[in-house]
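Me: I am new to this structure and would like to know what stands behind the terms used for it. Please show it to me first.

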Amino acid sequence: MALRKPNKLPQTAALKQILKRCSSFGKKHGNDQQSLPDDVPKGHFAVYVGENRSRYIIPISLLDHPDFQTLLQRAEEEYGFKHSMGLTIPCEEVVFRSLTAMIR
């Protein structure tokens, strides 16, 4: 019996769309710079975390980490990726800060 590779294309496409909207990644691809935040350095993106939707700027390299991918899956299930609010992570701020400190 042959093993099938999971299709990650939908998640990859969604991540690219998110990054274009909320990071300097989109500036390299000719997107409207007026819609991109000036305080997000190249190679980073903004996420909103917790009940108060506190804003965190994190490196794109975290996208590769399995624990962060789990958070992204939870975000997609709870909020979806097609909204204008920015990437919202359904996680308590304390837990989010601990996780990102561990995996950086």
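Predicted model: local features only at pLDDT ≥ 70, side-chain atom pairs only at ≥ 80, totals over all residues.

Me: What makes Asp 39 and Arg 55 a salt bridge?

Reply: A salt bridge requires a side-chain nitrogen of Lys or Arg within 4 Å of a carboxyl oxygen of Asp or Glu. The closest N and O atoms of Asp 39 and Arg 55 are 2.6 Å apart, so the pair meets the 4 Å limit. Side chains of opposite charge can pair when their charged atoms come close.

Me: Which parts does this pair tie together?

Reply: Asp 39 lies in the loop between α1 (9-22) and β1, while Arg 55 is in strand β2, so the pair joins parts that are 16 residues apart in sequence.

Me: Why is Asp 39 called partly exposed?

Reply: Partly exposed is the range between buried, under 20% relative accessible area, and exposed, over 50%. Asp 39 has a relative accessible area of 44%, and Arg 55 has 33% relative accessibility. Both values fall in that range, so both residues count as partly exposed.

Me: How many salt bridges does a search of the whole structure find?

Reply: The search finds 2. Besides the pair already described, Glu 93 forms one with Arg 97, with the closest N and O atoms 3.6 Å apart. That value is also within 4 Å, so the term applies. Glu 93 and Arg 97 both lie in helix α3, 4 residues apart, about one turn of the helix. Arg 97 has 40% relative accessibility and counts as partly exposed.

Me: How do you know that the buried residues of α3 are on the same side?

Reply: In α3 (residues 93-103), the buried residues are Phe 96, Leu 99, Thr 100 and Ile 103. They cover an arc of only 95 degrees around the axis, which puts them on the same side of the helix. The face turned away from that buried side carries Val 94, Ala 101 and Met 102, which are exposed.

Me: What do the buried residues of α3 pack against?

Reply: They pack against β1 (44-49), β2 (54-59), α2 (66-78) and β3 (88-89). Helix α3 lies across β1, β2 and β3, and runs at about 10 degrees to β2.

Me: What makes β2 and β3 edge strands?

Reply: The open sheet has 3 strands in the order β2-β1-β3, with mixed pairing. β2 and β3 each pair on one side only, and they are the edge strands.

Terms used
Residues numbered from 1 in each chain as written. Heavy atoms only, no water. Buried < 20%, exposed > 50% of the residue type's maximum accessible area, 1.4 Å probe, protein only. Helix = DSSP H or I, 4+ residues; strand = E, 2+ residues; numbered from the N terminus. Arc of directions from axis to C-beta. Contact = heavy atoms within 4.5 Å. Pairing = 2+ DSSP bridges. Axes fitted to C-alpha atoms, helices over the stretch in contact; angles between N-to-C directions.
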